[in-house]
Amino acid sequence: MTSLQQNWYRKLLSYFPIFLITITLIVFLLSFIMFNKASREEAAKANGISTRFIMEDLDRSTHAIEMTC
């Protein structure tokens, strides 16, 4: 191999750690965004379930009060 080819390979290899770090950061950020989205969706489901339970309980209580009066 000539000196020019060796320099080219060395330059390419010198950027390889930067490339790996960049790819790692992108993968980490994408997984964090996906986890955050899933957490928000699960929180919304839990809020809906608890709201429905409270509404049904309030309705039963109101109905029981109406029946006793």
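Ile21 is placed in helix α1, where helices are DSSP runs of H or I with at least four residues, strands are runs of E with at least two, and both are numbered from the N terminus. At 52% relative accessibility, Ile21 counts as exposed; the classes are buried for under 20% relative accessible area, exposed for over 50%, and partly exposed in between, with a 1.4 Å probe and protein chains only. The C-alpha atoms of Ile21 and Ile65 are separated by 65 Å, the two residues being 44 apart along the chain. The model is predicted, so local features need pLDDT of at least 70 and side-chain atom pairs count only at pLDDT 80 or more, whereas totals for chains, interfaces and linings use all residues. Residues are numbered from 1 along each chain as its sequence is written, and side-chain values use heavy atoms, with hydrogens and water left out.

The C-alpha atoms fill a box of roughly 100 × 10 × 5 Å along the principal axes. Tyr9 is found in helix α1 and is partly exposed, at 40% relative accessibility.

Of the 69 residues in the protein, buried residues make up 0%. The protein exposes about 6,800 Å², of which carbon and sulfur atoms supply 71%; accessible areas come from the Shrake-Rupley method with a 1.4 Å probe, and for residues only the protein chains shown count as cover. A nonpolar surface patch of about 1,000 Å² is made by Leu13, Phe16, Phe19, Leu20, Ile23, Ile26, Val27, Leu30, Phe32 and Ile33. Patches are made of residues with over 30% relative accessible area and no salt bridge, like charges being joined within 9 Å and nonpolar side chains (Val, Leu, Ile, Met, Phe, Trp, Tyr) within 5 Å. Leu13, one of the residues of this patch, lies in helix α1 and is exposed at 60% relative accessibility.

The protein has 7 positive and 6 negative side chains, and the centres of the two sets lie 28 Å apart. Lys and Arg count as positive and Asp and Glu as negative, while His and the chain ends are not counted; the place of a charge is taken as NZ of Lys, CZ of Arg, CG of Asp or CD of Glu.

A search of the whole structure finds two salt bridges, a salt bridge being a side-chain nitrogen of Lys or Arg within 4 Å of a carboxyl oxygen of Asp or Glu. One is formed by Glu42 and Lys45, with the closest N and O atoms 3.6 Å apart. Glu42 and Lys45 are three residues apart in helix α1 (residues 3-68), and are therefore separated by about one helical turn. Glu42 is partly exposed at 48% relative accessibility, whereas Lys45 is exposed, with a relative accessible area of 52%.

Arg60 forms a salt bridge with Asp57, in which the closest N and O atoms are 3.8 Å apart. Both Arg60 and Asp57 lie in helix α1, three residues apart, about one turn of the helix. Arg60 is partly exposed, with a relative accessible area of 47%, and Asp57 is partly exposed, with a relative accessible area of 36%.
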